[in-house]
Amino acid sequence: MKSTPLYLVAGTVALAAVTGFAALTAPGDEGPAEPKAAALLPVERSSLLCPAPSMSDLADTTYTSFTPEGEGGGEAGAAELKAAVPLPADDAPVGEDADKDKDGEDADKDKKDEKADAEKGRTAESKPVLSLKDLGKPSTVETSKSGAPALVGTATGMLAPGWTTQQTTMAEAGGARGLLGVSCTTPDTDFWFPGASTAAARQDYVHLTNPDDTAAVADIELFGAEGPLKSDAGEGITVPARSSVPILISTLTGEAAENVTVHVTTRSGRVGAAVSAAEDKVGSDWLAKSADPAQTLVLPGIPADATSVRLVAFAPGEDDADVKIQLMGKNATFSPAGNNTLHIKSRMTASVDLKNITRDEPGSIRLTSTDGSKTPVVAALRVVRGSGAGQEIAFIPATGPVGDRASVADNRANASVLSLTAPGATAKVKVTASAGSGGGEKTSKTYTVKGGTTLEVIPETPAGLKGGYALTVETESGGPVHAARTLTLKEDGVSMFTVQTMPDDGGTVEVPAVQQDLSVLDD
């Protein structure tokens, strides 16, 4: 008798994790047993990318990082966000203690040498901009620095499952005035952004951030109401390693279009992508990516006092699409008069003005393919609150359900509203308001969301709250629930707001089970 070599067992486990089919069979066995079900295990590593915030000198940005309590990925781990472009060597923590023991001349010489090394690609690693320390308690950092960089970050161990970071910028004046909020994204290779614009009144930028140590190459396609917009500049855009590139969309084409769908793909590597949109005399906010093309989409969280709502949709396939438009309101689902359907031509951007569709009640939009139409679509909403000089803008992309769990960081006392929508069967969810970044005690409450309706929830403020807090939604029973958080801050009499959707946090991964455990083999 002898033990199976460790490398054989390890190799089999690794193969099983990748393919789901690997198994060991001991001599004399009749064959593998009945396949075992895959197990859901906490992820052990997560990545997030935050785009560069506003360039305005009058803008203040808050970063809030959070991981909900739960079964973590083993060891304690860490969660840190760093500048996408490393800080200059003399600002980095590397070598600071050593310089204290040297005279000024030697220290200056060392710093010059470090800068020379940086120019050769050996820049010292940047120090973290934000580090998360505790499960269930957010960490926050603020900056008023103009030209603050994009951030790249990684969470490991117990801090990885469900890790989220919110970037919130208050721009008090200028053409980009507004409250800009975005949940930092995971790197990917394919993004859809219906709701962008190349019109003269808009200044929309696509921000591409590369988290990896090798350059990425991306393509940007633009689609208007008549089809693809002519553009040669959108092909083969190089995003250097661990860097971020903002691209003014209107410079990619000579055609001005009010409603544009932006499609970002990568030829090599992966990026994080988000669109910053500023509209003259209206406001500014981030436009996050839409959910993947589908025959049914949900866009949750239209504020009750919305004065203008515009739906923008796009059909990426070869066939046209016809979708039914429904508003899931406070008590029931109905189709808006005169706008109950939308025809979307293949590879063309369609839009419809739904005006003040919610009429002082919270609501969410559901798009469903009509009979005979099976073409998937992407969609987003442009939402305006207020009027005249008091207008402010936000965007709501189509999003997936909260699934097992979803979180959003950077909530403020008396400033956050949660929208919960059940497009199918009635559901129960648990909403937890975490401890504050500066102290307090978490609080939880269970809500029932009636099928086909939108429930507006004003979260209970954590006892003894100091600082900001995070909200976590967990599905307990019933059908799927889609959620969004609206954050509203008043500035000079204007209710500036931003809306973040809350899809499943991806805190678990399905791992195929090894089909047979064999610890001993015969000679």
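Which residue is the bridge partner of Ala422 in E34? The partner is Thr453.

## Model and confidence

This is a predicted model, in which local features need pLDDT of at least 70 and side-chain atom pairs count only at pLDDT 80 or more, while totals for chains, interfaces and linings use all residues. Residues are numbered from 1 along each chain as its sequence is written, and side-chain values use heavy atoms, with hydrogens and water left out.

The mean pLDDT (the predictor's confidence in each residue, from 0 to 100) is 86 for the protein, and 82% of its residues reach 70 or more. Residues 1-28 have a pLDDT below 50, and this stretch has 38 contacts (heavy atoms within 4.5 Å) beyond near neighbours in sequence in the model. For residues 113-124 the pLDDT is also below 50, with 14 contacts beyond near neighbours in sequence. Where pLDDT is low, the predicted coordinates should not be read in detail.

## Sheet E34-E30-E37-E38

Four strands (DSSP runs of E, at least two residues, numbered from the N terminus) form an open antiparallel sheet in the order E34-E30-E37-E38. Strand E34 (453-457) and E38 are its edge strands, each pairing on one side only. Two strands pair if DSSP finds at least two bridges between them; strand E30 (residues 416-422) and E34 are joined by five, in the antiparallel sense.

Neighbouring strands of this sheet are turned by 20° against each other on average, direction ignored. Axes here are lines fitted to C-alpha atoms, and angles run from 0 to 180 degrees between N-to-C directions.

## Sheet E29-E36-E31-E33

Another open sheet has four strands in the order E29-E36-E31-E33, with antiparallel pairing. E29 and strand E33 (443-449) each have a single partner strand, so one side of each is left without a neighbour in the sheet.

Strand E31 (residues 427-433) runs antiparallel to strand E36 (residues 469-478), and seven bridges join them. Ala427 has Gly478 in E36 as its bridge partner.

## Largest pocket

A pocket is an open set of points on a 1 Å grid over the protein atoms alone, where a 1.4 Å probe fits, with protein on both sides within 12 Å along at least five of seven lines; lining residues have an atom within 4 Å of a point. The largest pocket holds about 1000 Å³ of space, the volume being that filled by probe spheres set on the points.

Its lining has 41 residues, of which Cys184, Thr185, Thr186, Pro503 and Asp504 lie nearest the centre. Elements that give two or more residues to this lining include strand E29 (405-411) and strand E38 (494-501). The lining residues divide into 18 nonpolar, 16 polar and seven charged, where Ala, Val, Leu, Ile, Met, Phe, Trp, Tyr, Cys and Pro count as nonpolar, Asp, Glu, Lys and Arg as charged, and the others, Gly among them, as polar.
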